[in-house]
Amino acid sequence: PVMTAPARRMNPKYLPLAATISLFMLMATLGSVSYTGFFSAQVFLNLFIDNSFLIIAAVGMTFVILAGGIDLSVGSVIALTTIVSASLVERHGWSPLVVIPLVLLMGTAFGAFMGVLIERFRLQPFIVTLAGMFMARGLCYLISIDSISIGNEAYSALAYHRVELAEGASISLGALVAVAC
């Protein structure tokens, strides 16, 4: 009798990964056929530029999840720090040089306070961060129920400043922070 090698089958646990990679390849192929310059360096860098805030938040959340915790308050604390920043700069005329470090410190203190509650008093992270989420959302509503646009030139200069990497390819400061994270 002739011995044949056993058929190699993909482990079912890798099926979602294989489907994701296949869909990405299909979309990249369709994009390159449909749009000129789709595979340019700037299009790739625009992924970082447009999603830098999500990358930074995701890195922080990854550490929380890897440590076995959960934090439901991240989005609300981001909203709180941004509305405080917008309110102080646009409505009260504060300098961005004061406001930016202040709101970074405020967000850090908010998270540290929840961390102390969880660690020191052995409270459940789900409950503490859920309460933190509602508290941050409530504070946002106390400041303003409307959006506050930031028209300050310093914020615009920071947002639109680009660092040249190569000819015709540049990256924003926010994207550099995301890559550093």
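Hello everyone, and a word on what we are looking at. This is a predicted model, where local features need pLDDT of at least 70 and side-chain atom pairs count only at pLDDT 80 or more, while totals for chains, interfaces and linings use all residues. Residues are numbered from 1 along each chain as its sequence is written, and side-chain values use heavy atoms, with hydrogens and water left out.

Back to our pocket. A pocket here is an open set of points on a 1 Å grid over the protein atoms alone, where a 1.4 Å probe fits, with protein on both sides within 12 Å along at least five of seven lines; a lining residue has an atom within 4 Å of a point. Grid points are joined across faces, edges and corners, and the volume is the space filled by probe spheres set on the points. The second largest pocket holds about 230 Å³, and its lining includes Phe24, Met27, Phe38 and Leu47. Helix H1 (15–34) contributes the most, four residues. Helices (H or I, at least four residues) and strands (E, at least two) are DSSP runs, numbered from the N terminus.

Now the largest pocket, with about 1,700 Å³ of space. It has 36 lining residues, and Phe53, Ile56, Ile78, Thr82 and Leu104 lie nearest its centre. Among the helices giving two or more residues are H3 (74–91) and H4 (96–120), but H2 gives the most, with nine. This lining splits into 21 nonpolar, twelve polar and three charged residues.

Let's visit some single residues. Beyond neighbours within four places in sequence, Thr129 is in contact (heavy atoms within 4.5 Å) with Ile70, Asp71, Leu72, Ser73, Met114 and Ile118.

Tyr155 sits in helix H6 and also counts as buried, at 17% relative accessibility. Leaving out residues up to four places away in sequence, Tyr155 touches Ser85, Val89, Pro96, Val99, Ile100 and Ile150. Tyr155 and Ile100 are 55 residues apart along the chain, yet their C-alpha atoms are separated by 9.8 Å.

Next, how many salt bridges are there? The count is one, taking a salt bridge as a side-chain nitrogen of Lys or Arg within 4 Å of a carboxyl oxygen of Asp or Glu. Glu119 pairs with Arg122, and their closest N and O atoms are 3.1 Å apart. Arg122 is exposed, at 62% relative accessible area.

Last stop, the strands. E1 (residues 162–166) and E2 (residues 169–172) pair in the antiparallel sense over four bridges; pairing requires at least two bridges found by DSSP. Arg162 stands opposite Ser172 in E2. The two strands form a hairpin with two residues between them, and Gly168 in the turn has a positive phi of about 80°. From E2, Ala169 and Ile171 point one way, Ser170 and Ser172 the other, and all are buried.

Technical notes:
Ala, Val, Leu, Ile, Met, Phe, Trp, Tyr, Cys and Pro count as nonpolar, Asp, Glu, Lys and Arg as charged, and the others, Gly among them, as polar. Buried means under 20% relative accessible area, exposed over 50%, partly exposed in between (1.4 Å probe, protein chains only).
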